[in-house]
Amino acid sequence: VRSRGLPDDHVGPVRVVDIEGIDSNMCCGTHVSNLSDLQVIKLLGTEKGKKNKTNLVFLAGDRVLKSIEQSHSTEKALTSLLKNGPGEHVEAVKRLQSSVKQLQKNNLNLLRDIAVLIARDFKSKPVQSQLFVLHRKEGDSEFMNIIANEIGTEETLLFLTVGDEKEAGLFLLAGPVEAVENLGPRVAELLGGKGAGKRGRFQGKATKMSRRGEVQALLQEFISHRSPEL
C-alpha cells in the first residue's frame, strides 16, 4: 500500500481503502458511524494529479451547506451591485470589464497628450532652467519617459515622479550621463527605493515620495556647483 509509513507509537489495526483497479491507500479521514451522517456529497470537478492521476474535488456534509450559504451571500451582493438577476451576472461583469479597458485606454492616450504638452510648454520658454521637476499622481513610467524624450536630456536634468505624493510611487532621473550616474543611486536612497539605469536615465520604485523636496534640493545644489554662473 502506498504510504509514508506509520508513527512509531502506533498500535491497533490499520484500515486500508481499496478501489479495485484505481487506488489502494491507507485511510486517514474522519470516520462516521453511518453514511447518512454525511447528509450530502457534492462533486465539484477534477484536477490534474501526479503521475497521470486525476484528483476528484468534492464537498461533503456541513461543508456543502456552508458553501451554499456563501454562494447565496455572494449572489445577493452581486445582484445588488449589478442591478440584475443571477443569470445575468456574468454578462454584466464582462460589460464592466470591457468598459474599464476602454477607459484605461482613453486615460493612457490623454496622459500621453498631456506629457507632450508639458514638454512643449517647457521648451517654449525663452530661458530654460537646467533643472525640470514634475510630479503627477495619475502618471506612469511611459508618461515620464515621453516627457524626457520630448524635452531632451543633453543639457537639462529632469526629476519626474508619479504616484502617491507622500507614500509609494515611481521616479525617473534623466539628464547628462555623468550627472545621472552620480546622482541616481543617491536619489533612490533618499526616496527609500531601488532603481537602475543606463545612458542618462535612472528610474525605479520609491516608498518615501514625501522626500521629493530633499531630492530637488540635492539636484539644485549639484547644478549650482557645476554651473558657477548660477
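I began with Leu-173 and found that, leaving out residues up to four places away in sequence, Leu-173 touches Leu-157, Leu-158, Phe-159, Val-180, Leu-183, Gly-184, Val-187, Gly-200, Arg-201, Phe-202 and Leu-219, a contact being heavy atoms within 4.5 Å. The model is a predicted one, in which local features need pLDDT of at least 70 and side-chain atom pairs count only at pLDDT 80 or more, while totals for chains, interfaces and linings use all residues. Residues are numbered from 1 along each chain as its sequence is written, and side-chain values use heavy atoms, with hydrogens and water left out.

I next looked up the largest nonpolar core, which has 19 residues, and noted that Leu-157, Phe-159, Phe-171, Leu-173, Val-187 and Leu-219 touch the most other members. At least two residues of this core come from each of strand E6 (157-163), strand E7 (169-174), helix H4 (177-190), strand E9 (201-206) and helix H5 (212-226). A second, separate core holds 17 residues, including Ile-147, Ile-151, Leu-160 and Val-162. Here a nonpolar core is a set of buried Ala, Val, Leu, Ile, Met, Phe, Trp, Tyr and Cys residues joined through side-chain atoms within 4.5 Å; buried means under 20% relative accessible area, exposed over 50%, and partly exposed in between (1.4 Å probe, protein chains only).

I then turned to Asn-145, which lies in helix H3 (residues 141-151); helices (H or I, at least four residues) and strands (E, at least two) are DSSP runs, numbered from the N terminus. Asn-145 is buried at a relative accessible area of 19%, and, apart from neighbours within four places in sequence, Asn-145 is in contact with Leu-172, Arg-201 and Gln-203.
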